[in-house]
Structures are given as structure tokens and as C-alpha cells.
Amino acid sequence: MDKELLLQLKEVLEKERSLVEQELSSFAKKDTKLPGDWDTQHPRVPEGNEEEAADEVEEYESNISVEQELELKLKEVTSALDRIAKGTYGTCEKCGEPIQKERLLAIPSARTCERCMSIIS
Ligand SMILES: [Zn+2]
């Protein structure tokens, strides 16, 4: 694989990883026991204020779904960076063929080539 392209994609992935981590850390805490896992902070439920408590719970619930989405993204990005470190990046996991450059530029964390992707989905 083209070294310059690889470096370029690595940079994009690293940037994405820090963005996702930044977003996660605004409402969640990194789980120190489980790498890559984040925990949304529990709602502070003010006593005697049911309306506010309901708002807090609602916000907590929506944060949890955002958290799951971001965690998934973080996993994809981290595993792509792992593959770069191992030298297996850019190879389709299904057929072992190189993934098209255009596809990697569009989705740097892609694991499969365009052909295999269309078979899966
Ligand atoms: Zn493939």
C-alpha cells in the first residue's frame, strides 16, 4: 500500500479518535477496567424536584444511545489504527484483496472492499 496514503489515512483516523474521545468525555467517563468502554454519568436527581429529575433521566437515556454510537465508532477507528500498526490495514477481511483507495478515503475505518461490502449489505 502507498505509504503516503497510509500516513494520510492514519492522520485522519487519529484525528477522528481524539474527536470521538473528546465527545464521549463530555458526558461519560472512561471505564478504567474495560479498555474502550465508556460509562455515561448517572443523572444527578435533585430531591423534591420531580420535573427536573425527569429531565435528568431523559438526558441520561439519550446520552446512553449517543454513547453506544460513539463507542462503536471508536472501536472501528481504534481497530483500523491497530491494523495500520500490524501492517494489515487496507486489506479486505473477506476476500483478502486490497481495499480500493477511494473507499478508504471515504471511510478510513473500512474493513472490507466495495465488492464484499455490497454482498454483506
Ligand atoms: Zn473483499
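A residue is called buried under 20% relative accessible area, exposed over 50%, and partly exposed in between (1.4 Å probe, protein chains only). By this rule glutamate 21, at 26% relative accessibility, counts as partly exposed. The model is predicted, so local features need pLDDT of at least 70 and side-chain atom pairs count only at pLDDT 80 or more, while totals for chains, interfaces and linings use all residues. Residues are numbered from 1 along each chain as its sequence is written, and side-chain values use heavy atoms, with hydrogens and water left out.

The zinc ion has Cys92 (SG), Cys95 (SG), Cys113 (SG) and Cys116 (SG) as protein donors, lying 2.3 Å from it. Donors are N, O and S atoms within 2.8 Å of the metal (3.2 Å for Na, K and Ca); water is not among the atoms, so sites may look incomplete. Along the chain the donors follow the spacing C-x2-C-x17-C-x2-C. Cysteine 95 counts as partly exposed because its relative accessibility is 32%, whereas cysteine 116, at 9%, counts as buried.

The structure holds 3 salt bridges, a salt bridge being a side-chain nitrogen of Lys or Arg within 4 Å of a carboxyl oxygen of Asp or Glu. Glutamate 21 pairs with lysine 30 in one of them (3.6 Å, N to O). Glu76, Glu93 and Arg111 are linked in a network of salt bridges. Arginine 111 is partly exposed, at 28% relative accessibility.
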